[in-house]
Amino acid sequence: MRRPSRGSEAEVEERRQGVLRRVAEEGEIRIADLAGRLGVSVMTMHRDLDNLHERQLLRKGRGVATAFPNLTMESALRFREHVNMAAKEAMADVLVKEVAPGSTVLIDCGSTLFPLARRLAGVEGLRVITNSLRVTYLLSGSAVEVTLLGDRFYEDFESCAGPQARRELKHLRAGIAFVTATSVSEGRLYHPVREYADNKDAYLQAADRAVLAVDHSKFGRTATHSYGDVSGYDLLVTDAGAAESELRSVRDLGVAIHTVTPQS
């Protein structure tokens, strides 16, 4: 007898991200209750929670699933990487058009820019400067020349940040910088880690032109460290879910906006 399909890998990951969001919102949920709410069997829910527990995205205990603290959830690349993927892919299609063959490009470490990195592998004569080990890996095997900024390694971000990286940037020059933000509220920028906030300022100083790539989920939120506003950027690329009130604050600071509509 043929077993029923458990869904494609993408469908399973999407369901698990839904489980993770539900646990993060409520802090702690009984596993049986969670299965009932999401319309899956308790066995399936245990498999999903085992996977998320092994990836250190939540804690699975005896009969309950418990969320990590908010800071851990916000900073962990393993959590953010699969969130809003359709928006990130659509944004990458716009971002890559800003890159000229033969240019030098500075790329931040956020997961929003991973789809862009994959597209840059096909651009002729490109040089990339980044603090992201993941971006470096995505460009490996291509003809792109990569300079990796070194400093303290932060495992949650799979990247380096600190004063050494900023000193290196003073001796480098890029035609364009692509930067992300953890949180944007009324045009102001925030990050939970001070070293990354300082790094992002240094990116702007090292490039002739700067583009901020932020999906809608980052708007209307703050984090521990404020590092100025969006006025240092030439362009903001986001998706159609961004609140109009937040975009108005960006326009008021003189920054152009390109909004994409992700494919369903």
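**Entry 1: Val179.** I began with Val179, which touches Asp108, Leu113, Lys200, Tyr203, Val211, Leu212, Ala213 and Tyr233, not counting residues up to four places away in sequence; contact here means heavy atoms within 4.5 Å. The model is predicted, so I noted that local features need pLDDT of at least 70, side-chain atom pairs count only at pLDDT 80 or more, and totals for chains, interfaces and linings use all residues. Residues are numbered from 1 along each chain as its sequence is written, and side-chain values use heavy atoms, with hydrogens and water left out.

I found Val179 in strand 9; helices (H or I, at least four residues) and strands (E, at least two) are DSSP runs, numbered from the N terminus. Val179 is buried, with a relative accessible area of 1%. For burial I used under 20% relative accessible area, with exposed over 50% and partly exposed in between (1.4 Å probe, protein chains only). I also looked up Asp108: its C-alpha atom is separated by 4.9 Å from that of Val179, although the two are 71 residues apart along the chain.

**Entry 2: Leu212 and the cores.** Leaving aside neighbours within four places in sequence, I listed the contacts of Leu212 as Val179, Thr180, Ala181, Leu189, Val230, Tyr233, Leu235, Leu236 and Val237.

I then looked up nonpolar cores, meaning sets of buried Ala, Val, Leu, Ile, Met, Phe, Trp, Tyr and Cys residues joined through side-chain atoms within 4.5 Å. The largest has 29 residues, and Leu106, Leu169, Leu189, Leu212 and Leu236 touch the most other members. At least two residues each come from helix 9 (163-169), strand 9 (174-179), helix 10 (194-205), strand 12 (207-213) and helix 11 (244-252). Helix 10 gives the most, four residues. A second, separate core has 27 residues, including Ala90, Val105, Val123 and Val237.

**Entry 3: cysteines.** How many disulfides does the structure hold? I found zero, taking a disulfide as a pair of cysteine sulfur atoms within 2.5 Å. The sulfur of Cys109 has its closest cysteine sulfur in Cys160, 9.5 Å away, which is too far for a bond. Cys109 is buried at a relative accessible area of 5%, and Cys160 is buried at 8%.

**Entry 4: whole chain.** I noted 11 helices and 15 strands in the protein chain. Of its 264 residues, 48% are buried. Among contacts with a separation of 6 or more, 61% are between residues 24 or more positions apart. The chain exposes about 12900 Å², with carbon and sulfur atoms supplying 47% of it; accessible areas come from the Shrake-Rupley method with a 1.4 Å probe, and for residues only the protein chains shown count as cover.
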